[in-house]
Structure formats: structure tokens, C-alpha cells
Amino acid sequence: KWIFLNDRFVKKEEAVVSVYDHGFLYGDGVFEGIRMYSGNVFRLDDHIKRLYESAHSIMLEIPYTKEELNQLIVETLKKNELHDAYIRVVISRGVGDLGLSPFTCHNPGVIIIAEPLALFPKELYESGIEVVSVPSRRNRSDVLSPKVKSLNYLNNILVKIEASLAGASEALMMNDQGYIAEGSGDNVFIIKDGIIKTPPGYIGALEGITRNVIIELAKQQGFDIREDVFTRHDVYTADEVFLTGTAAEVIAVVKVDGRKIGDGQPGEVTKQLLTGFRNAVTKDGTK
Ligand code: PLP
């Protein structure tokens, strides 16, 4: 198994980084999670765009052009002979002094890992999952923008712990005002009386690429879809709830904080969007 590390491919066992890398010391860096379906890298350009925007926002210069990075990702997949895979691209601030200042780091680290992945067992895509809302809060755009996909995932990790302790597969995070923001690594949608809603980014949600694909699909299929704020009450009383993400894909939520959603089965609109998504992932991408 080959990992791309800084400027070359190395064996998995030899893919190690320095203890002075600020990505490790401070979570100083950005990343992307990307999927390949049947030899097709889904929305690669969108992921690369978000990665460069995240890096630019934290004053981190990626030492490759977008085209070069695109090629390196494709090469990593080829070298590992993968057709269906999850790809993790990490750009770290690089090796520097122990101080917080990023200006002692002169060579950003570049890591590309690709491996097979199934986040949830197949049955859960049929039956739907149970989620809980958790005490940890998602920051809004007044602090670090939620649009930056940074290496600082401690908040999301706490959310994951809180979900696991409650026996749930995933969690819903609220922002400091109590509006639903997103899951630990996915976006959330609710459907009520035929209207589909997902929280706007400024509430404290990453503008997920899967989320954007679902917004496009829903529009194409003639649904009324809106970016709008909502609370836990709106989730509990929704007809359907689902999550979207590169790793999670599109998955129905059938119970939230012990409240059954709709009739407790994945809803018709969710199923229709999941079918549309499955069709899109094998067509719409980079070979
Ligand atoms: N929200 C968070 C916090 C995430 O980490 C992710 C994963 O990338 C998402 C949402 C879903 O975004 P995407 O569909 O681009 O994977």
C-alpha cells in the first residue's frame, strides 16, 4: 500500500511525520475527504477548490497547483489499484519550532491516503439510523469559519464520544443559539409537508459537497428545497430526516433523541434522493 508523503510515494509502514509538524502539535492544517466510486472520483474539482480555499483562509500555501494535486490524487488511486475508495488529503503547516507561530514552518506537509471504506453497515442504509443531539456546540462564522475544513476536529470528536455514550451512530450538533448545525462529520436535512430544509452555512455548518449535490438533485427533481434555520422541535416533528457526507453518503435518520421520525422508516423523498445520488456518483466525476 502506497501513501503520497510530501513529494514521493512511500510504503504505508514508512509513512511517518515529524513530532515537530504543526499539524500534529497544534492541528494546524486543512484536509479533504473524497470518494471514488467505480473508478470515478466524485466531484474532485469541488473538493480541491474547498481545500485551496480552506488553506488560503488560514494563510497556508499548498506547494502544488490544483492541477498537480489533482494528478497526484489520481496517481495515488492508480498506484494502489483502487476503484472504490475513500481518499484523505492532508495539508499540514509542516515542521517548525515548538511555538504557535506558523512562520517557523517553511515546508507544508502533503499527505494523500487512499483506501477502501464503508462508514455504516449496508443494512443501515435500508433501515435508517438513530441519532442524538449532544451538548457540544458548533462554532458560528464569527470565530473560525465553519467553511474551513481544518485539522482541528476536537469538537467533532467530543460530539462522536457523546453520541457513542448515548448508544447512537451519529449526533446532531447545535450552535450557541440552539439552532441545529450539522452532524459530527455530515450535514443534516429535514422534510416537512413537502419542503426540504438544510441549515445555512453561517449557522455553523460545513458547506458539504454531498449537501450541495443533494440540493442540486432535489431542485432537478422539482422539490421545494431551502437553506433555513431549524430547531430540535422541527427535527422531532419532521416527516423525514437524513444526513449527507462524503463518508456517510445519504442516510435516513429514523429516530432522534428517542423520538420516532415519521413512521420510523426511511421516507420516500429520502429514498428518491438516495437513488439519485447513487446514479450521480458513478457518472459525475474524474476518471
Ligand atoms: N460537516 C462536517 C463537519 C464534515 O467534516 C463533513 C465531511 O466532510 C461534512 C459536514 C460533509 O461534507 P462533504 O459532503 O463535503 O463530505
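The shell around the ligand divides into two nonpolar, nine polar and three charged residues. Please keep in mind as you look around that this is a predicted model. The chain is assigned two domains, domain 1 (2-115) and domain 2 (122-286).

**Around the ligand**

- The shell holds 14 residues, and those that come nearest to the ligand are Leu 206, Gly 208, Ile 209, Thr 210 and Thr 246.
- Two elements, α6 (209-220) and β13 (240-245), each give two or more residues to this shell.
- Helix α6 gives the most, with three residues.

- The domain assignment places residues 2-115 in domain 1 and residues 122-286 in domain 2.
- Between the C-alpha centres of domain 1 and domain 2 there are 26 Å.
- Domain 1 brings 26 residues to the contact, and domain 2 brings 15 residues.
- On the side of domain 1 that touches domain 2, the elements giving two or more residues are β3 (29-37), β4 (40-42), α2 (44-57) and β5.
- Strand β3 gives the most to that side of domain 1, with eight residues.
- By residue type, the side of domain 1 that touches domain 2 has ten nonpolar, ten polar and six charged residues.

**A look at Arg 88**

- You will find Arg 88 in strand β5, which covers residues 85-92.
- Is Arg 88 buried, exposed or partly exposed? Arg 88 counts as partly exposed because it has 16 C-beta neighbours inside 10 Å, while a buried residue would need 20 or more and an exposed one 12 or fewer.
- Leaving aside residues up to four places away in sequence, Arg 88 touches Phe 31, Gly 33 and Ile 113.
- Arg 35 sits 53 residues from Arg 88 along the chain, yet their C-alpha atoms are separated by 8.9 Å.

**Helix α5 and the glycine after it**

- Helix α5 runs over residues 154-165, which makes twelve residues.
- At 1.5 Å a residue the helix should span 16 Å, and its end C-alpha atoms are 16 Å apart, so the two values agree.
- After α5 comes Gly 167, with a positive phi near 75 degrees.

**Strand β14 and its partners**

- How many of the eight residues of β14 (residues 249-256) are buried? Seven are, so the strand is largely enclosed by the rest of the structure.
- Strand β7 (residues 129-138) runs parallel to β14, and three bridges join them.
- In this pairing, Ile 129 stands opposite Val 253 of β14.
- Strand β13 runs antiparallel to β14, and five bridges join these two.
- Gly 245 has Glu 249 of β14 as its bridge partner.
- Strand β15 (residues 259-260) pairs with β14 in the antiparallel sense, over two bridges.
- Across that pairing, Lys 255 stands opposite Lys 260 of β15.
- The hairpin of β14 and β15 has two residues between the strands, and in it Asp 257 takes a positive phi near 50 degrees.

Notes
Residues are numbered from 1 along each chain as its sequence is written. This is a predicted model: local features need pLDDT of at least 70, side-chain atom pairs count only at pLDDT 80 or more; totals for chains, interfaces and linings use all residues. Helices (H or I, at least four residues) and strands (E, at least two) are DSSP runs, numbered from the N terminus. Two residues are in contact if their C-beta atoms, placed from the backbone, lie within 7 Å. A residue is near a molecule or strand if its C-beta atom, placed from the backbone, lies within 6 Å of it. Ala, Val, Leu, Ile, Met, Phe, Trp, Tyr, Cys and Pro count as nonpolar, Asp, Glu, Lys and Arg as charged, and the others, Gly among them, as polar. The expected span of a helix is 1.5 Å times one less than its number of residues. Two strands pair if DSSP finds at least two bridges between them. Domain bounds come from an automatic or database domain assignment.
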